Amino acid sequence: MRDITYPAIIVAAKTAFRLLGQRFQMTGTENVPREGGVMLAYNHIGYVDFVYGGLGANPSGRLVRFMAKREIFDHPVGGPLMRSFHHIEVDRAEGQGSYLKAVDYLRKGEAVGIFPEATISRSFELKEFKSGVVRIAAAAGVPIVPVVLWGTQRMMTKGHPKDFSRGKTIAIRVGEPIPTTGDHDADLAALHAAMAQMLEDAIAAYPADEQPPGSWWLPARLGGSAPTPDEAEKLDQAEKRERAARRAAKRAKK
């Protein structure tokens, strides 16, 4: 693929990281193969996860083609930019097209990034995974490399104001490749378990002075004030109802 804007944006992003005085805890980046198709699976805790997610593959010289919701591609600025990166548009109402495109990319040797939770986790714990991640990897015959992010939620996430103040630590952990076996349920469970442990390790290793007890970005079971997974699910369902009501109101006006 011809990439003109992607390398330039990476340079700009790294410059922004320096200007923001960000510190990085990066481990396991050698687990991203330098060539050949590979699926990278990420946890989803904030709106800037795309930006930092690709950084884990950067030491291996890979450009990650992220699967992202159609709404981003519909944006007048974001859309052309996403297409220039050769990211993959996902229509949640009709996912077959994005599935086939991702499989094609992987078979051609690309690195494809996916967020198996599909939406941001308000509890900052792993939500249930959608099966697409293992189905796509199995169809393409490629391994899945788990990647966990921590700290990105402090900048921009659901239900909290943006905070791009200086000096934040960003943790990026890359796990060992997980081969698919053809048993989608077992493969999905193995991926979820691996990422859950990686997330525990990332949180435990995060600077204590940046993550005091009661922090809103810390899971409730670890002493933070984030919603529990059950509370987060209720908030997600309420948000879905509100969106559906807005769509219905718009249709009624036409």
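Asn31 touches Val145, Val174, Gly175, Glu176 and Pro177, leaving out residues up to four places away in sequence. This is a predicted model, so read that list as a property of the prediction. Asn31 sits in the loop between β1 (23-27) and β2. Is Asn31 buried or exposed? Its relative accessible area is 18%, and the cut-off for buried is under 20%, so Asn31 counts as buried.

Now the overall picture. The protein has 8 helices and 7 strands. For 254 residues, a compact globule would have a radius of gyration near 18 Å, and the protein has 18 Å, so the two agree. The C-alpha trace spans about 50 × 45 × 40 Å along its principal axes. Of the contacts between residues at least 6 apart in sequence, 73% join residues at least 24 apart.

Buried residues are 46% of the 254. For charges, I have 35 positive and 29 negative side chains, with the centres of the two sets 8 Å apart.

Next, the interior. In soluble globular proteins, nonpolar side chains tend to be buried together. Here the largest nonpolar core has 37 residues, and those with the most contacts inside it are Met39, Val112, Val133, Ile136, Ile144, Trp150 and Leu191. Elements giving two or more residues to this core are β2 (38-42), α5 (96-107), β5 (111-114), α6 (132-140), β6 (144-150) and α7 (184-205). Which of them gives the most? That is α7, with 7 residues. A second, separate core has 25 residues, among them Leu40, Tyr42, Ala57 and Val174. Val174 is also one of the residues that Asn31 touches.

Setting aside neighbours within four places in sequence, Ile136 is in contact with Met39, Met67, Tyr99, Ala102, Val103, Leu106 and Ile114.

Last, the backbone. Most residues other than glycine have a negative phi. His86 is not a glycine, yet has a positive phi of about 65°. His86 lies in the loop between α4 (78-84) and β4 (88-90), and with a relative accessible area of 21% His86 is partly exposed. Ala118, also not a glycine, has a positive phi of about 75°. Ala118 is in the loop between β5 and α6, and at 31% relative accessibility Ala118 too is partly exposed.

How values were computed:
Residues numbered from 1 in each chain as written. Predicted model: local features only at pLDDT ≥ 70, side-chain atom pairs only at ≥ 80, totals over all residues. Heavy atoms only, no water. Helix = DSSP H or I, 4+ residues; strand = E, 2+ residues; numbered from the N terminus. Rg over C-alpha atoms; globule rule 2.2 N^0.38 Å. Buried < 20%, exposed > 50% of the residue type's maximum accessible area, 1.4 Å probe, protein only. Contact = heavy atoms within 4.5 Å. Lys, Arg positive; Asp, Glu negative; His and termini not counted. Charge placed at Lys NZ, Arg CZ, Asp CG, Glu CD. Core = buried A, V, L, I, M, F, W, Y, C linked by side-chain atoms within 4.5 Å.
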